[in-house]
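Look at the sequence and the model first, then read on.

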Amino acid sequence: MGDQTPLKVLIADDTDTDRLILESIVKKEGHQVISARDGMEAVEAFQREKPDIVLLDALMPKLDGFGAARQIKALAGEELVPIIFLTSLTDTESLVQCLDAGGDDFLSKPYNRFILQAKIKAFNRMREMHATILTQRDQIVLHNEHLIQEQTVAKQVFDNIAHSGCLDASNVKHYMSPLAVFNGDVLVAAMRPSGSMMVLLGDFTGHGLPAAIGAMPLASTFYGMAQKGFSLSDILREINQKLKDILPVGVFCCATIIDMNFRKRQLKVWNGGLPDCYIYRHKTASVEPVRSTHLPLGVVGNKAFKDDCLHFELEEDDKFYMWSDGIHEARNDDGDMFGEERLKQVFAANRKPDSLFDDIIGAVHAFVGDGNKDDDLTLIEVKMDKAENIQSKSINTSTLGDRGLKGWVMDFEVQSNSFRYFDPLPLLLNVLVEVPGLRQHSGSLYTILSELYSNALEHGVLGLDSALKTTPEGFAQYYEARSLRLEEPPEGAICFHLEHHTEDDGGSLTIRVKDSGPGFNHANSIDTPHKTEGYCGRGIALIRTMCQSLRYLGNGNEVEVVFNWENDRK
Amino acid sequence: MSSSHVDIEALEMLKEVMEDEFQLLIDTFVQDSTDRLVTLREALASGDADEVRRAAHSFKGSSSNIGAGPLSEICFALEEGGRTNQLDGLEQKLAEAEVEFEAVKVALANL
């Protein structure tokens, strides 16, 4: 009795007796009753009151139950308004007529209160469920629209980053489905200041936005560093570390990166997790596969990361191909995969090298057949060509000079109140690694700067005698004295002078460290590297092996080293 | 007290549902039915089979709701006659209905 929320029930019956009984039954259940005496009144009442459930007598004057039911169902539209026919008609034909008109159930005479109660309850549950479904459906549609909007924006952002490259170069052919970034695929290409072209093909695990998100730092890092002249290894390490930091466990990027040097006719390849890429030798029309020999990007930190590449000599018109596994895994209607064998066959069957690229795509599309929704192909062909032949919108040879630090001089002085707590080395090193070509030598540079600085500080400023360090007790005394003297604070200053210039293949860095101390007699010590007098210790000997030259200036309170490097160490 | 004309149990349940309106219901039924019988007589007289069917059908329904079983069955016969367009002999049935109705009225009054 009234154990549910009160509903609005429309009762239409032309017999007063019957209608009275029904009204009482329904009211007793706690519901609100709206009465009608014929079909027309019923439809009007429905429009006006919007009842939750409708009880309709089948046979009524003016408009009978069937007609009323049809109109009411039409008015209800998407919503579910259950209609229960009141009838003592028992023949199948009449019952079918009720259902055809839109009736959901019947209630026969004499009216049984409990049966009606049960029907109202059941239909109310259905009505509420239906309303919930509609609401949720609308929410889903809304969310879906949002998702699509988000993806559209993400794609635009990505396109802006990705389009600063040279994929349009005259020696490059590439194919990528338009929404490939949401398959986790990324393809970036840039010309380096040295004139070589670097191309990276990446395939992130996963799909949708999570896969696309990794592509953005990858692309921006790639383009940012390539234009400054950083080497393939530098760029790889930077991307690897970034991805390792930001991607969750289990998400990584299989990638192949190449550096094609047109002047030297050389190719460097690093393949981490992608299928074999091919070198096509045009003289023999043969294919040389380059296997994956590394872990994908973003799996291990840079300590364990291996950036060694394979090197190849190429001739003009030789071509390099790389692809994501979308080609090998493309399926036809039978569920077979395209696979490596078919790919090799395309190469074997080709008679016109210029159409190889189109042959590959044609073969895959033919295999997969029409109407196959999964266009997940990403592939690229890069041809070895004469450097002067390469045209691309992104190349502007006049400004192709290094966009990194090319030639500069820097003086930096550490003063007495800074000695105790300030370590100038990270700051100086930070500046130096912005020089493309020097970044890979950061370890050596740190060693050099560190040794020169500690000599200048301990001997020049603090006035400690390194002869103390020959015995264990002396060692301890030395460092105790060092702490004490640092606390005083010491008087004095240390100046760094850094000077650097680049050539085509490398450059030269000059470092001078001068302290305010008395110096020492350096003229005698230069050629005796193992002597432990004055400022010469094992440290200086090591520095000598790393640098082009090392000499003392002035009183011996200034040391100068010259460090030369070559770009693209092997 | 003739319980063969009306179902006492059904009436008890009705009383429980209708509460204060029970008497109103009885009065409505009596008025309804009286009018219905007049309609039937007129329809039969003018040979309108469809009208006979409709009126009998409604009367059948309301009498069953009131618990007047026998009356309801007589109405069914009248309805069938109207439906199959066999109006001859229905005169007799109509008379039966009128008699039965009187008995029902008495039974209802004695509740």
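This is a predicted model: local features need pLDDT of at least 70, side-chain atom pairs count only at pLDDT 80 or more; totals for chains, interfaces and linings use all residues.

Residues are numbered from 1 along each chain as its sequence is written, while chains are lettered from A and ligands numbered from 1 in the order in which they are written.

**Sheets in chain A**

Helices (H or I, at least four residues) and strands (E, at least two) are DSSP runs, numbered from the N terminus. Two strands pair if DSSP finds at least two bridges between them.

Strand E11 (residues 277–281) of chain A runs antiparallel to strand E14 (residues 319–323) of chain A, and three bridges join them. Both belong to an open sheet of five strands, with antiparallel pairing and the order E6-E15-E14-E11-E12 (chain A). At its edges lie strand E6 (172–176) and strand E12 (286–290) of chain A, each pairing on one side only. On average, neighbouring strands of this sheet are turned by 15° against each other, direction ignored.

Now move along chain A. Strand E18 (residues 506–515) pairs with strand E20 (residues 558–566) in the antiparallel sense, over nine bridges. Here Ile511(A) stands opposite Val561(A) in E20(A). E20(A) is also joined to strand E19 (residues 549–553) of chain A by five bridges, again antiparallel. Leu553(A) has Glu558(A) as its bridge partner in E20(A). The hairpin of E19(A) and E20(A) has four residues between the strands, and Gly554(A) takes a positive phi near 60° there.

**Two helix pairs**

Axes are lines fitted to C-alpha atoms, for helices over the stretch in contact, and angles run from 0 to 180 degrees between N-to-C directions. A crossing is left-handed if the near helix is turned anticlockwise from the far one by less than a right angle, and right-handed if clockwise.

| Helix pair | Crossing angle | Axes | Hand |
|---|---|---|---|
| H6(A) (residues 208–228) and H7(A) (residues 232–246) | roughly 155° | within 10 Å | right-handed |
| H4(B) (residues 69–83) and H5(B) (residues 90–109) | about 160° | 9 Å apart | left-handed |

Helix H4 of chain B packs against helix H5 of chain B at about 160°. That makes H4(B) roughly antiparallel to H5(B), a label for angles over 145 degrees. Residues are in contact if their C-beta atoms, placed from the backbone, lie within 7 Å. Residues making this contact include Leu71(B) and Ile74(B) of H4(B) and Leu94(B) and Phe101(B) of H5(B). By class, the contact of H4(B) with H5(B) has 11 nonpolar, one polar and three charged residues. Ala, Val, Leu, Ile, Met, Phe, Trp, Tyr, Cys and Pro count as nonpolar, Asp, Glu, Lys and Arg as charged, and the others, Gly among them, as polar.

**Chain B and the interface**

Chain B has five helices and zero strands. Of its 111 residues, 42% count as buried (20 or more other C-beta atoms within 10 Å of the residue's own, C-beta atoms being placed from the backbone).

How many residues does each chain give to the contact between them? Chain A gives 15 residues and chain B gives 19 residues. Helix H1 (residues 16–28) of chain A supplies eight residues, the largest share of the chain A side. That side divides into six nonpolar, four polar and five charged residues.

How values were computed. Two residues are in contact if their C-beta atoms, placed from the backbone, lie within 7 Å. A residue is buried if 20 or more other C-beta atoms lie within 10 Å of its own, exposed if 12 or fewer, and partly exposed in between; C-beta atoms are placed from the backbone. Angles under 35 degrees count as roughly parallel, over 145 as roughly antiparallel, 65 to 115 as roughly perpendicular and the rest as oblique.
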